[in-house]
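Visitor: I would like a close look at one part of this protein. Please take me through it slowly.

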Amino acid sequence: GTEALAPGAVVLRGFALDDQHDLLAAVDAITAQSPFRHLVTPGGHTMSVAMTNCGRLGWVSDRRGYRYDAIDPLNGQPWPSMPALFADLADRAAAAAGFEGFKPDACLVNRYEPGARLTLHQDRDEGNYAHPIVSVSLGVPATFLFGGDQRADKQQRVPLVHGDVVVWGGPSRLRYHGVQPIKAAQHPLLGELRINLTFRKAS
Ligand code: MD3
Ligand code: FE
């Protein structure tokens, strides 16, 4: 089913289920080349979420700031290329939400262990906010926090489970959002983990 969260924000329940095994095999291939790592924020905090990327550009953070970079700082090589299945799934999800012709050049892969969280933030390191962001949830459930245009705005709590896809665009593109600490649980394919794929047009 399709649920409208807000103007420009659409939840596609189970949209990735047909591809779940292929998606996870592709994540294993990506992390064999560019492993998950805990990035440090400009403020010096180590993130509880572990990250890697695929595609031409990857999102990185260090003491100097946040940015997109073509090179994985861990191995000095380009990020793994974006699997055709990833690009195709992101394009189909965006189209289902009304955004035709989404061609992401970056996919951030987030790995959550129990207790890991993302504090409230905006995604504003991309060049062009006309493009949506597509997010694919895999593994154990999460509670997504969907806020407003101001940090202090009231947040909606959105439960996201394995296979759910969310498209965030238009007037929702710059809304504050985060992920509550992941509760201990077991998923048949991923054990205690949650994996989130976030597709962006970074440049
Ligand atoms: C809502 N990741 O990596 S993607 C992130 O589940 C991030 O790992 C979350 O937030 C995760 O930056 C959720 C969902 C998302 C991404 C961008 C948004 C939601 C958004 C932009 C505007 C509003
Ligand atoms: Fe975000």
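Visitor: What is the order of the strands in the open sheet?

Guide: First, a note on the model. This is a predicted model: local features need pLDDT of at least 70, side-chain atom pairs count only at pLDDT 80 or more, and totals for chains, interfaces and linings use all residues. Residues are numbered from 1 along each chain as its sequence is written, and chains are lettered from A and ligands numbered from 1 in the order in which they are written.

Now the sheet. Its 7 strands run in the order β1-β2-β11-β8-β13-β6-β3, with antiparallel pairing. Strands (E, at least two residues) and helices (H or I, at least four) are DSSP runs, numbered from the N terminus. Two strands pair if DSSP finds at least two bridges between them. The edges are β1 (2-6) and β3 (50-54), and each pairs on one side only. Neighbouring strands are turned by 20 degrees against each other on average, direction ignored.

Take one pair. Strand β2 (residues 9-12) joins β11 through 4 bridges, in the antiparallel sense. Here Leu 12 stands opposite Val 165 of β11.

Helix α2 (residues 84-96) lies across β2, β3, β6, β8, β11 and β13. It runs at about 115 degrees to β8. Axes are lines fitted to C-alpha atoms, for helices over the stretch in contact, and angles run from 0 to 180 degrees between N-to-C directions. Contact means C-beta atoms, placed from the backbone, within 7 Å.

Finally, step back. The protein chain has 2 helices and 13 strands. Its C-alpha trace spans about 40 × 35 × 35 Å along the principal axes.

Methods:
Contact = placed C-beta atoms within 7 Å.
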